[in-house]
Amino acid sequence: MKDPSPQPTAAAENKDVNPADWVDLYADYLYRFALMRIADKEIAEDLVQETFSATLASLKNNRFQGRASLKTWLTSILKHKLMDHLRGKYKHRALPLDKIDSNQVEESFDARGNWQVKPGNWGADPPDLYEQKELAAILMACLETLQERQADAIRLRELDGKETEEICKILLISSTNYWVIMHRARLALRRCVERQWLNEA
Amino acid sequence: MKMWMPSCKDISRLVSESMERRLSWRKRAGIRFHLLMCRHCSRYQKQLILLQKLLRTQSESLTVSSQAKLNDKAKEKLRQLVDLEDPSRKES
């Protein structure tokens, strides 16, 4: 059997991580990963549980052999479950574009198409590492304030790196809808971040 | 020849779209021209790019540093699940 160039940590992890330790090692991480994508804590809990079940099942069937890292494997199973959850969420809804999504576009520009509130000065460009972390925290909080579908679109695109086509399939929208949704989401997100970053009332 | 004079509103839409797909040469040139003249939109674009970068690069670090914890009851359920299913416990 071919022995790949030594990754002692990974190999050791596979062999020596006792399932009994999984909870202490990975449960919180997986839970946070899920929470970053779905708001509902109970569903996040359920998904973590399903992830553990599925992973234990694949260990039984030896499908796990040779995987790089247990944490990566657990996370990838969770990612699939998150996708399935999202697909299910949108399958049962038919959301017309204009009614449900807030129209940040109309609020941001005047009748002539000029900025109502001009984008402000956010400081150093690019921001230093500390500022990046602060901004990122504000950004994640702002993501929660977006309309559901806008937030899901942004997450699928920027957190999960999905392509347009797949996002459209999950959200059950056309690509034109998708561009409109992303445009509105970005306008709203940026404005939200700016308000907090610049400490506006 | 009628010149295409996009408003800031148009440009904001196009900037977002350009982050999703490759626009025609003409549109890209029009955007670039507007951005040269308009510091508001120029700032807007920079900020959008920054936010995209933050989402793409900071989410892992945020996940790790998050304070959220799975509640004890859920963890207990998980431990029981693992106990039941632990493959090293199963023997012939």
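The model is a predicted one.

Start with the extent of the contact. Chain A contributes 58 residues, and chain B contributes 47 residues. Together the two chains bury about 5,000 Å². Carbon and sulfur atoms give 63% of that area. On the chain A side, the residues that lose the most area to chain B are Arg32(A), Trp179(A) and Arg186(A). These three together account for 13% of what that side buries.

Seven salt bridges are counted between chain A and chain B. The side chains of Asp28(A) and Lys69(B) form a salt bridge, with 3.7 Å from N to O.

Which helices of chain A supply at least two residues each to the side that touches chain B? They are H2 (19-35), H3 (41-60), H6 (104-108), H7 (129-143), H8 (148-159) and H10 (175-197). H2(A) gives the most, with 11 residues. By type, the chain A residues that touch chain B divide into 33 nonpolar, 15 charged and 10 polar.

Now look at a single residue. Ser58(A) sits in helix H3 of chain A. Is Ser58(A) buried or exposed? Its relative accessible area is 2%, and the cut-off for buried is under 20%, so Ser58(A) counts as buried. The side chain of Ser58(A) also makes a polar contact, at 3.5 Å, with the side chain of Trp73(A).

Note on methods. Residues are numbered from 1 along each chain as its sequence is written. Chains are lettered from A and ligands numbered from 1 in the order in which they are written. This is a predicted model: local features need pLDDT of at least 70, side-chain atom pairs count only at pLDDT 80 or more; totals for chains, interfaces and linings use all residues. Side-chain values use heavy atoms; hydrogens and water are left out. Contact means heavy atoms within 4.5 Å. Buried area is the accessible area (1.4 Å probe) that two parts lose on being put together, summed over both. A salt bridge is a side-chain nitrogen of Lys or Arg within 4 Å of a carboxyl oxygen of Asp or Glu. Helices (H or I, at least four residues) and strands (E, at least two) are DSSP runs, numbered from the N terminus. Ala, Val, Leu, Ile, Met, Phe, Trp, Tyr, Cys and Pro count as nonpolar, Asp, Glu, Lys and Arg as charged, and the others, Gly among them, as polar. Buried means under 20% relative accessible area, exposed over 50%, partly exposed in between (1.4 Å probe, protein chains only). A polar contact is a pair of N or O atoms within 3.5 Å; within protein, one must be able to donate a hydrogen and the other to accept it, and residues adjacent in sequence count only if both atoms are side-chain atoms.
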